[in-house]
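Reader: I have a model open and want to go through its packing. Take me through the contacts, the rings and the surface, please.

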Amino acid sequence: MFVLIAMTALGPMTLNIIGPAMPGLQTVYGVSYQAAQSMVYMYLFAFAVAQLFYGPLSDRYGRRPMVLIGLVIFLAGSLLTLIADTIEVLAAGRALQAIGGCAGMALARAAIRDVHDRAGSASMIGYVTSAMVIAPMLASPVGGWLFEHHGLFAVLAIPLVAGIATFSLCLVGLHETLVTRGTNPVRIGGIIVANFRILSNAKYRAYALPAAFSATAYYIFVACSPYVSETLMHVSPTEYGLWFLSLSIAYMIGNWLTGRFSRRIGSDRMIWTGYFLALFGLAIMAWLAGIAALGPAAMFLLMGFVSAGNGLSTANSIAGAISADPAQAGAASGMTGFLQMIMGAIGGILISFALEATKLPFTLTLGMLASTLMAIYLFAAAKASGRLSGRPSHSQ
């Protein structure tokens with residue numbers, strides 16, 4: 001399990017560690033805040049698209065070799081960020097980090113599904129995620145402190161060190177979990193067909209699409225909260241990192257509860273609980289922002305409900321999605337990650353432009369609230385149509 005935790009944590013940790021430094025990138029490279037924010041969008045887009053390839057390739061060639069290839073790409077990207085003298089080179093390095101780092105997250109879920117049924121997968125994903133989140137949890141405060149006291153180079157060195165450690169660990173401790181592999185060579189056309197095949201599965205969409213909208217609320221916050229906190233609320237990078245720590249703790253608690261109670265309560269009920277917990281926090285946050293009473297303490301406290309809710313819903317949604325067709329667990333895992341990341345990136349871009357125009361925290365809360373309401377609507381529609389499987393059995 002420790003190997004799965006390490007390979008899953010690398011990508012989110014690398015995303016979070018640069019968050020507190022984004023406003024400071026304006027000074028380092030002499031660019032606009034929109035250009036600095038491209039670090040987040042470039043990472044999310046690359047992370048999203050690459051997962052579409054890792055899934056089908058791992059269904060054919062195995063989980064282990066694709067993870068190791070991904071980690072080599074991650075290390076190359078990490079080296080490039082360290083020597084970047086322009087924002088464009090830094091963005092390219094971040095894109096390579098995302099392309100390589102997403103392999104661990106996408107294929108850890110597929111590896112878990114290789115050896116567990118649906119209910120067991122939800123519990124295992126919950127337990128792995130609750131432990132995995134420690135690294136991203138510490139990334140924001142560490143990144144903020146390093147940037148303030150030692151500069152950008154120190155921040156960018158952390159992913160390289162973590163990547164070397166993760167590669168060494170996987171080289172020794174990661175074993176192949178895929179028993180039956182595909183027999184035909186994988187070509188671009190085959191990858192496209194595999195992804196369209198899983199996307200055409202109604203049961204898959206019933207879990208994956210609501211999960212993507214739910215995750216979008218979080219990614220909007222990741223992309224836009226540094227601007228709201230540091231520019232509009234005048235919070236320092238170190239303080240921002242410490243506030244962000246509370247969200248990771250809430251997410252960890254939600255995932256631990258998923259691991260503990262998914263079998264007993266049922267995956268669908270856990271998903272509903274997570275969605276409405278997020279809705280509760282965002283509704284109050286939007287109200288406070290609407291009356292100009294939202295400060296950093298209230299914003300992060302209420303965002304904690306969203307993080308805890310995601311911890312309850314995400315693992316169960318992923319387990320439901322990749323169980324729609326166990327023979328395509330890799331493709332389903334990759335497509336699920338793609339949908340979450342690409343929609344999160346698009347949502348972040350739209351809300352960031354709106355924030356630039358309005359300079360109001362209410363804009364951020366409204367975007368997150370709309371995304372969460374869409375997740376609830378889609379999941380309710382799937383339930384009404386009978387596409388959900390209800391409480392999982394041990395045979396699923």
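Author: This is a predicted model. Start with the contacts of Met-299.

Reader: Which residues is Met-299 in contact with, leaving aside its neighbours within four places in sequence?

Author: Contact means heavy atoms within 4.5 Å. By that rule, Met-299 touches Phe-221, Val-228, Ser-229, Met-233, Met-285, Leu-294 and Leu-364.

Reader: How do the rings of Tyr-218 and Tyr-219 pair: stacked, tilted or edge-to-face?

Author: Their centres are 5.5 Å apart and their planes stand at 65 degrees. Planes over 60 degrees apart count as edge-to-face. So the pair of Tyr-218 and Tyr-219 is edge-to-face.

Reader: How many residues apart in sequence are the parts tied together by Tyr-275 and Phe-379?

Author: These two also pair edge-to-face, at 5.7 Å centre to centre and 85 degrees between the planes. Both are buried. Tyr-275 lies in helix α12 and Phe-379 in helix α15, so the parts tied together are apart in sequence by 104 residues.

Reader: Is Phe-196 buried or exposed?

Author: Phe-196 lies in helix α9. With Val-49, Phe-53, Ile-188 and Ile-192, Phe-196 makes a nonpolar surface patch of about 470 Å². The cut-off for exposed is over 50% relative accessible area. At 58%, Phe-196 counts as exposed.

Technical notes. Residues are numbered from 1 along each chain as its sequence is written. This is a predicted model: local features need pLDDT of at least 70, side-chain atom pairs count only at pLDDT 80 or more; totals for chains, interfaces and linings use all residues. Side-chain values use heavy atoms; hydrogens and water are left out. Patches are made of residues with over 30% relative accessible area and no salt bridge: like charges are joined within 9 Å, nonpolar side chains (Val, Leu, Ile, Met, Phe, Trp, Tyr) within 5 Å. Accessible areas come from the Shrake-Rupley method with a 1.4 Å probe; for residues, only the protein chains shown count as cover. A salt bridge is a side-chain nitrogen of Lys or Arg within 4 Å of a carboxyl oxygen of Asp or Glu. Helices (H or I, at least four residues) and strands (E, at least two) are DSSP runs, numbered from the N terminus. Buried means under 20% relative accessible area, exposed over 50%, partly exposed in between (1.4 Å probe, protein chains only). Rings of Phe, Tyr and Trp (its six-membered ring) pair if their centres lie within 6.5 Å; planes under 30 degrees apart count as stacked, over 60 as edge-to-face and the rest as tilted.
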